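Please look at the sequence and the three-dimensional structure shown here.

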Amino acid sequence: MFTPDNNSLLKRLAAVIRLLVITAFVAGIVSELAGCSGPGWNNSSWKNYGDSCINTSEKPPLQRVINYTDHDLCGRKLSPRKAPNPQTRPQTPNN
């Protein structure tokens, strides 16, 4: 029923499937240990307070995290860029 060509093809397919299953298992373990999943993940409770984003926990242990740099946490816009000082370059008169 199985010729030698089909048998080697089935062995390769089984090896690829085994590799994909092991990869998915290891990725799941790593993400769980890194804290990338579980309750509270992807909970957008950051609030915009003008110059910072603040996350305050509602359940014990109470904690308050203030973030001044990551603007995407609470949808803050970047602060406007300050214009360079025009007096930094010497003005030369046109002759």
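What follows leads from the overall plan to the helix, the sheet and the disulfide.

This is a predicted model, in which local features need pLDDT of at least 70 and side-chain atom pairs count only at pLDDT 80 or more, while totals for chains, interfaces and linings use all residues. Residues are numbered from 1 along each chain as its sequence is written, and side-chain values use heavy atoms, with hydrogens and water left out.

The protein contains one helix and three strands. Here helices (H or I, at least four residues) and strands (E, at least two) are DSSP runs, numbered from the N terminus. Read from the N terminus, the order of the elements is α-β-β-β. The accessible surface is about 9,000 Å², and 59% of it belongs to carbon and sulfur atoms; such areas come from the Shrake-Rupley method with a 1.4 Å probe, and for residues only the protein chains shown count as cover. Of the 95 residues, 8% are buried. A residue is called buried under 20% relative accessible area, exposed over 50%, and partly exposed in between (1.4 Å probe, protein chains only). Among contacts between residues at least 6 apart in sequence, 18% join residues at least 24 apart, where a contact means heavy atoms within 4.5 Å.

The helix H1 covers residues 4-34 and includes Leu-33. With a relative accessible area of 74%, Leu-33 is exposed. Together with Ile-22, Phe-25, Val-26, Ile-29 and Val-30, Leu-33 makes a nonpolar surface patch of about 620 Å². Patches are made of residues with over 30% relative accessible area and no salt bridge; like charges are joined within 9 Å, and nonpolar side chains (Val, Leu, Ile, Met, Phe, Trp, Tyr) within 5 Å. A salt bridge, in turn, is a side-chain nitrogen of Lys or Arg within 4 Å of a carboxyl oxygen of Asp or Glu.

The sheet comes next. Strands of a sheet pair through backbone hydrogen bonds, either parallel or antiparallel. In this model three strands form an open sheet in the order S1-S2-S3, with antiparallel pairing. S1 and S3 stand at the edges with a single partner strand each, so one side of each is left without a neighbour in the sheet. Two strands count as paired if DSSP finds at least two bridges between them. Two bridges join S1 (residues 47-48) to S2, and Lys-47 has Ile-54 in S2 as its bridge partner. Four residues lie between the strands in the hairpin of S1 and S2, where Gly-50 takes a positive phi near 80°. Four bridges join S2 to S3, and Cys-53 is partnered there by Asn-67 in S3.

Which residues does the disulfide join? It links Cys-53 to Cys-74, with the sulfur atoms 2.0 Å apart. Cys-53 lies in strand S2 (residues 53-56) and Cys-74 in the segment after strand S3 (64-67), so the pair ties together parts that are 21 residues apart in sequence. A search of the whole structure finds one disulfide, defined as a pair of cysteine sulfur atoms within 2.5 Å. The angle about the S-S bond is -65°, and the link is left-handed. Cys-53 counts as buried because its relative accessibility is 0%; Cys-74, at 17%, also counts as buried.

Lys-77 likewise lies in the segment after S3, and is exposed, with a relative accessible area of 76%. Lys-77 and Gly-50 are 27 residues apart in sequence and 9.5 Å apart in space, C-alpha to C-alpha.
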